[in-house]
Protein chains: 2
Amino acid sequence: MEGGGAYNRSSRVQATGLLPAVAMLEAAARHAALEPSPRTIVIADYGASQGHNSLLPMSAAIAALRARVGVDRAILVVHTDQPDNDFGALFRTLSDDPDSYLRNDAAAFASAVGRSFYGQILPPDSVTLGWSSWSVQWLSRLPGPIPDQVQVAYSHDPAARAAYARQAAEDWHTFLTARSSELCPGGRLVVQTMALDDAGEFGYRPLLAAMYAELEKMVADRFLRPEELGRMAIPTVGRSRADLAAPFGPARRFGSLSLESLDIFGGEDQVWARFERTGDAVAFGREWAAFSRASVFPTLATALDGGREDPRHPAFPNRLEAGVAARLAADPCPMTIPLAKMMLVKDLAP
Amino acid sequence: MEGGGAYNRSSRVQATGLLPAVAMLEAAARHAALEPSPRTIVIADYGASQGHNSLLPMSAAIAALRARVGVDRAILVVHTDQPDNDFGALFRTLSDDPDSYLRNDAAAFASAVGRSFYGQILPPDSVTLGWSSWSVQWLSRLPGPIPDQVQVAYSHDPAARAAYARQAAEDWHTFLTARSSELCPGGRLVVQTMALDDAGEFGYRPLLAAMYAELEKMVADRFLRPEELGRMAIPTVGRSRADLAAPFGPARRFGSLSLESLDIFGGEDQVWARFERTGDAVAFGREWAAFSRASVFPTLATALDGGREDPRHPAFPNRLEAGVAARLAADPCPMTIPLAKMMLVKDLAP
């Protein structure tokens with residue numbers, strides 16, 4: 001993710017895509033088993049980034065809990081992300097944003113955990129409600145190079161596709177194992193993530209085509225070396241319904257977790273909707289380019305020969321963003337945004 | 001505090017000064033009332049900075065608790081600091097430092113809270129053990145200008161001295177009120193802080209003299225404007241034994257908190273001890289200058305006309321550090337380091 005608050009500013013696609021899962025989170029908050037009062041109710045937000053897109057789901061979850069426990073019960077939200085996340089931006093969002101639960105609920109508290117969620121990072125049996133949005137599509141590591149693309153979904157390289165599929169299966173298993181320990185008995189976890197739709201489509205096709213074409217042009221222009229492009233890869237995957245359900249088996253059970261529901265749905269393409277209203281192709285290109293920049297350009301930039309110290313490091317995202325924006329503006333078309341949402345429930349204590 | 005891990009690297013004075021309080025924290029861990037198993041035991045580290053100086057006290061506290069509860073009970077350490085703290089450095093320290101409790105204890109967990117501790121920031125009755133080291137000497141805000149110094153302890157301005165004293169009393173009261181809510185019944189809090197010794201001495205006299213002389217030279221050299229120096233002030237105070245005890249009154253009680261012990265002691269001047277061994281005056285100056293830089297130069301730099309964007313912002317700390325180092329190297333002498341440590345206990349539930 002891009003730091004300095006950039007992800008907060010350029011994540012409207014994500015803000016829209018998570019909405020259908022918020023209703024699921026509210027249902028989870030209505031049905032999760034609660035520890036006896038006055039124990040603090042813990043909500044974990046797995047993959048919080050800079051916090052902006054967490055405010056709405058966290059407020060919704062807190063409101064649903066308040067209807068059950070009243071205004072005085074302490075509710076602690078734990079926002080997790082990787083150690084290099086911009087936690088300063090997260091805490092400023094929580095303290096300053098008028099929509100922050102910290103400003104609107106006197107018995108709500110916040111904390112953060114800067115560790116990868118591909119491991120147990122919270123005490124056992126401590127989380128009443130879990131939420132993870134736009135996060136588990138990120139793999140724990142880069143499984144390897146993608147010779148013909150930056151996104152494995154559009155690669156024709158069998159080795160790359162197999163390596164990513166293996167890592168995706170392993171990471172999902174690891175994620176579920178860790179959460180299954182952390183959830184309280186009767187606790188619930190709602191996960192929203194990028195997915196493959198039931199036709200196997202990853203989506204964002206014109207955007208990824210524009211991005212790869214622009215990167216190839218950078219090579220042709222000798223701004224990038226071919227080896228640098230060869231190293232560039234976005235470690236995200238869209239998982240299919242079958243991929244997501246696999247650890248649960250036919251009984252929909254994984255250890256103490258039950259898969260209560262799993263839906264694949266299409267995210268609303270608001271960028272396209274705005275273009276249809278306004279006819280502003282430049283804005284269309286700009287919005288998708290800003291989305292890509294905030295979410296994946298920092299990852300691509302790590303492949304520059306000099307990494308963060310590379311003299312091209314500042315220019316690279318600007319140039320890529322401008323190129324992607326221009327290519328998309330030249331031929332606006334709707335984007336498929338395949339998403340999954342699911343509700344997991346941990347067994348009540350026997 | 002200086003970011004980018006600088007505070008971690010240049011805080012040996014603090015690392016030494018907190019040692020006598022660590023023994024007190026171990027005693028607190030042996031005697032604090034514990035919530036019934038399997039509830040997570042929470043240790044709060046109020047004012048953690050980049051975490052380096054928290055590792056030793058947190059490991060000591062965890063070891064003392066482990067002797068009581070065994071290796072499996074979950075212990076969660078919550079590190080708090082202001083929102084602009086370098087939490088990235090904190091989480092990297094926790095994950096990478098060989099002395100980190102996260103590496104050495106499988107049932108230990110970590111989180112962070114980026115909010116001022118001059119307010120309640122954790123749920124009521126949730127903290128078994130509290131620790132605050134080198135932190136409560138920082139006031140919640142700058143009470144006003146100090147016309148003749150950057151440290152109010154050496155100012156002769158009655159208005160400045162009164163404003164700082166008022167703020168110091170108010171902040172200490174606020175700190176205790178918040179902690180008294182957060183502690184579990186029977187929980188314990190150990191506070192180590194800068195103090196006035198029983199002769200009323202704030203200490204660090206040669207260091208502060210060198211710093212102010214160097215700042216005045218920067219004005220004479222027209223590197224700083226006099227108005228900028230006029231705005232420079234370090235919002236730290238040394239509190240006397242009487243100041244620290246005041247909220248508790250003669251019965252040593254403040255709400256549900258008891259002041260079990262309060263000691264004023266002299267921090268060991270290891271920089272001077274090293275100089276006596278080595279005779280290396282340059283190293284003597286360099287160490288104290290690095291200590292000042294990491295702890296207070298960023299605060300002074302905010303008084304530059306352009307703040308962080310001021311073109312002199314990068315040069316200012318370098319120049320001040322070099323000047324302070326040279327002045328101290330020219331005339332090494334021991335430094336008084338007055339400190340306080342105290343143990344507070346919250347009542348068991350009636």
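Reader: Thanks! Why is B:Ala209 called partly exposed?

Author: Happy to explain, and please keep in mind that this is a predicted model. B:Ala209 has a relative accessible area of 43%. Buried means under 20% and exposed over 50%, so at 43% B:Ala209 is partly exposed. You will find B:Ala209 in helix α8 (residues 205-220) of chain B.

Reader: What makes B:Leu262 count as buried?

Author: The relative accessibility of B:Leu262 is 6%. The cut-off for buried is under 20%, so B:Leu262 counts as buried. B:Leu262 sits in strand β7 (residues 257-266) of chain B. Setting aside neighbours within four places in sequence, B:Leu262 is in contact with B:Arg241, B:Leu244, B:Ala245, B:Arg252, B:Ala340, B:Lys341 and B:Met342. B:Gly114, by contrast, is 148 residues away along the chain, and its C-alpha atom is separated from that of B:Leu262 by 28 Å.

Reader: Which residues of α8(A) meet α12(A)?

Author: From α8(A) they are A:Leu207, A:Met211 and A:Leu215. Their partners in α12(A) are A:Trp288, A:Phe291, A:Ser292, A:Val296, A:Phe297 and A:Leu300.

Reader: And what makes α8(A) and α13(A) oblique to each other?

Author: Here the axes of α8(A) and helix α13 (residues 315-330) of chain A cross at roughly 125° and come within 9 Å. Roughly perpendicular ends at 115 and roughly antiparallel begins over 145, so α8(A) and α13(A) are oblique to each other. α8(A) passes α13(A) in a right-handed crossing. Residues of α8(A) in this contact include A:Pro206, A:Ala210, A:Glu214 and A:Met218, and α13(A) contributes, among others, A:Phe316, A:Leu320, A:Val324 and A:Leu328.

Reader: Let us turn to the backbone. What makes the peptide bond from A:Ser37 to A:Pro38 cis?

Author: Its omega is near 5°. A:Pro38 is in the loop between α3 (19-31) and β1 (41-46) of chain A. In chain B, the bond from B:Ser37 to B:Pro38 is cis as well, with omega near 5°. Most peptide bonds are trans.

Reader: Which value of phi does B:Tyr204 have, and is this residue buried or exposed?

Author: B:Tyr204 has a positive phi of about 55° although it is not a glycine. Most residues other than glycine have a negative phi. B:Tyr204 lies in the loop between β5 (183-194) and α8 of chain B. With a relative accessible area of 3%, B:Tyr204 is buried, because the cut-off is under 20%.

Reader: What about A:Arg252: why is it called partly exposed?

Author: A:Arg252 has a relative accessible area of 36%, which falls between the cut-offs of 20% and 50%, so partly exposed is the label for A:Arg252. A:Arg252 also has a positive phi, about 55°, and lies in the loop between α10 (241-245) and β6 (253-254) of chain A.

Reader: Finally, how do you know that the two copies are related as by a two-fold rotation axis?

Author: Chain A can be laid on chain B by a turn of 180° and a shift of 0.0 Å along the axis, with an RMSD of 0.0 Å. The two copies are thus related as by a two-fold rotation axis. Among the residues of chain A, A:Ala112 comes closest to the rotation axis, with its C-alpha at 2.5 Å.

Reader: And why say that the copies meet through the same surface?

Author: Because 100% of the interface residues of chain A are also interface residues in chain B. As for confidence, the predictor gives the complex an ipTM of 0.92 and a pTM of 0.94.

Methods
Residues are numbered from 1 along each chain as its sequence is written. Chains are lettered from A and ligands numbered from 1 in the order in which they are written. This is a predicted model: local features need pLDDT of at least 70, side-chain atom pairs count only at pLDDT 80 or more; totals for chains, interfaces and linings use all residues. Side-chain values use heavy atoms; hydrogens and water are left out. Copies are superposed by least squares on the C-alpha atoms of residues with pLDDT of at least 70 in both. Contact means heavy atoms within 4.5 Å. Helices (H or I, at least four residues) and strands (E, at least two) are DSSP runs, numbered from the N terminus. Buried means under 20% relative accessible area, exposed over 50%, partly exposed in between (1.4 Å probe, protein chains only). Axes are lines fitted to C-alpha atoms, for helices over the stretch in contact, and angles run from 0 to 180 degrees between N-to-C directions. Angles under 35 degrees count as roughly parallel, over 145 as roughly antiparallel, 65 to 115 as roughly perpendicular and the rest as oblique. A crossing is left-handed if the near helix is turned anticlockwise from the far one by less than a right angle, and right-handed if clockwise.
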